[in-house]
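Dear colleague,

Here is the structure for your files. My notes follow below it.

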Amino acid sequence: MYSVTAELCSSSCTSTLISQLVCIKEGVTMAGQSLDLAIQGLKELLREKEELNEVAVAKIEKLVDELQRIRPPFLDPVVINIRNGFNEFKINKFDKNPDLYNKLAEGQNPKYLVFACSDSRVSPTYTLNFQPGDAFMVRNIANMVPQFDQIRYSGTGAAIEYAINALHVPNILVIGHSRCGGIKRLMELPQDDAFDFIDDWVKIGLPAKVKVLDEFPNYDFYEQCKFCELVSVYNSLENLRTYPYVVREEKENRLRLYGGYYDFVKGEFSIWKHERPIIPRPPILPPRPL
Amino acid sequence: MASPAPLALSRDPFGSKSLALSSNSSMELQGTTLGASRIFGYQLKSETHLRLFAVSRSYQGLPLRASRDHSSMTQQLENARLETVTKAEDACDIFNDLKDRFLSFKKNKYMENIEHFQNLANAQAPMFMVIACADSRVCPSNILGFQPGEAFMIRNVANLVPPFENGPCETNAALEFAVNTLKVENLLVIGHSCCGGIRALMGMEDDGSTSFIKSWVIVGKNARTKARAAASSLDFDQQCKHCEKESVNHSLLNLLTYPWIEEKVAKGELSIHGGYYDFTECTFEKWSLDYSESKKDGNGRFAAKDRMLWC
């Protein structure tokens with residue numbers, strides 16, 4: 001691409017110049033990466049070639065203008081980032097494991113239903129090396145599981161219902177993590193500045209907060225947040241047991257519940273099998289189906 | 001009918017009986033993770049520690065009680081093994097599986113980039129907020145290679161974004177945090193092929209029966225109408241495929257119903273993108289919302305720009 005523009009700079013025939021410029025534009029829209037060089041070359045042409053007539057100048061200026069306008073999709077680093085990510089996945093994983101990916105295209109049979117936080121630092125796919133097909137994954141603020149409520153929390157219910165009734169996932173894993181912004185917000189409430197949606201959501205963790213403030217009143221705020229990150233996982237695990245299919249499958253020994261905690265400050269991961277509840281709560285009424 | 005969850009108040013390990021916090025146990029609390037059955041990770045320089053804790057023993061005399069607890073857990077596991085279990089695996093297998101997974105990450109990624117992880121521990125500044133499906137085959141960390149710190153992520157059934165007027169829910173809580181607190185610059189909604197949630201939406205009968213899935217996927221009903229209209233002569237699978245893509249566009253328009261999102265998009269501080277991952281062909285389509293064109297239309301029609309297909 002650069003060599004073509006260099007050649008043009010030395011060419012003196014205007015009509016050849018124009019037709020070659022049209023080719024450059026078409027070539028550039030395919031190539032993308034040479035765009036900067038082509039624009040640069042054309043601008044140099046305008047500066048250095050004094051014998052160009054007005055028509056040629058106008059056409060070159062128009063071409064530069066058009067090329068500059070097609071710049072964003074090719075040079076946007078955000079797009080380059082995900083394009084490269086996809087290419088690496090395709091070359092290093094998809095193309096190298098055709099049997100696995102053909103099987104996955106037919107259907108999924110994940111071993112885990114995972115609830116994890118939306119935090120960009122804690123993707124379980126990354127930290128627990130989940131490959132495609134391993135884990136049906138829900139990610140939300142502070143990895144919460146609300147109690148059964150078909151009106152308010154149909155999103156979570158849909159995920160649990162699908163994972164258990166359609167996919168027959170045998171293990172549910174709820175993973176909390178260090179320095180969770182959602183838990184911190186829960187611990188800070190009530191605040192003067194209200195976040196409508198966040199505050200409504202994190203209140204799911206209120207039983208955990210109450211427990212932490214009750215049991216650890218003399219600890220500083222950040223330590224209380226850390227305890228709450230953990231106790232909130234217990235709260236979510238217990239909330240899972242308000243879903244009839246969870247109760248049914250656990251009773252039949254086809255489903256196990258696990259809690260996890262990822263401490264990215266220390267680089268540690270904890271896991272436990274969830275058995276007994278630790279947060280006293282009033283007797284849970286059977287859910288009223290709509 | 002659900003049976004009430006068991007209430008083990010008398011054996012509540014966090015209850016007053018086992019929680020007589022002495023100065024000893026408060027020191028243990030500060031460095032340790034509470035109530036964990038296993039801890040995986042490196043202590044100091046290199047040794048892998050495998051510690052077994054039980055919830056009720058967190059605060060007093062850890063190691064001895066833990067081993068006792070381990071044996072009772074082993075007994076429980078033996079009993080479980082004798083029962084008919086179709087798919088649920090032995091808990092130890094799960095612990096070992098997750099342990100291997102985490103240690104592989106720790107060795108190959110965390111320790112190799114420890115400074116980066118330590119910086120991230122202090123703050124996150126992701127450039128993307130991604131809304132993707134919970135489907136096990138389409139995690140954006142896998143298919144688009146997102147590294148820790150790059151993408152704040154919501155995953156729900158059928159990667160749906162409900163409109164503002166539906167009120168608070170899981171998805172918009174995360175949107176509020178990502179846009180207003182983290183100030184991400186890009187929102188990306190990713191649909192995919194063979195989506196069970198979209199299939200449920202397309203196949204839903206209006207027969208009065210309810211389920212969670214129905215209550216949730218109905219958010220996408222406008223996409224279903226458009227897909228049926230556009231692909232009326234095609235078979236059900238093709239209609240579903242249309243709906244998978246149409247639903248992404250519909251979600252992108254729903255993003256604009258949030259005033260704090262539209263404000264930022266209008267100012268050019270926030271860009272909205274759609275994506276579609278076809279795992280049968282391994283292709284990825286990406287496009288962006290053309291805000292000014294979409295607004296001009298007035299009918300709430302979606303206008304796209306910067307379309308790309310990677311294959």
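**His192(B) and its strands**

His192(B) lies in strand β4 (residues 186-192) of chain B; strands (E, at least two residues) and helices (H or I, at least four) are DSSP runs numbered from the N terminus. This is a predicted model, in which local features need pLDDT of at least 70, side-chain atom pairs count only at pLDDT 80 or more, and totals for chains, interfaces and linings use all residues. Residues are numbered from 1 along each chain as its sequence is written, chains are lettered from A and ligands numbered from 1 in the order in which they are written, and side-chain values use heavy atoms, with hydrogens and water left out.

His192(B) has 2% relative accessibility and so counts as buried (under 20% relative accessible area, 1.4 Å probe, protein chains only). Beyond its neighbours within four places in sequence, its contacts (heavy atoms within 4.5 Å) include Cys133(B), Asp135(B), Glu244(B) and Tyr277(B).

Tyr277(B) is also the bridge partner of His192(B) in β5(B). β4(B) and β5(B) pair in parallel over seven bridges (pairing requires at least two DSSP bridges). Strand β5 (residues 271-278) of chain B is largely enclosed by the rest of the structure, because seven of its eight residues are buried.

On to β6 (residues 283-289) of chain B: six bridges join this strand to β5(B), and the two run antiparallel. Here Phe284(B) stands opposite Tyr277(B). The two strands form a hairpin with four residues between them, and Cys282(B) in the turn has a positive phi of about 55 degrees.

Regards

How values were computed
Buried < 20%, exposed > 50% of the residue type's maximum accessible area, 1.4 Å probe, protein only.
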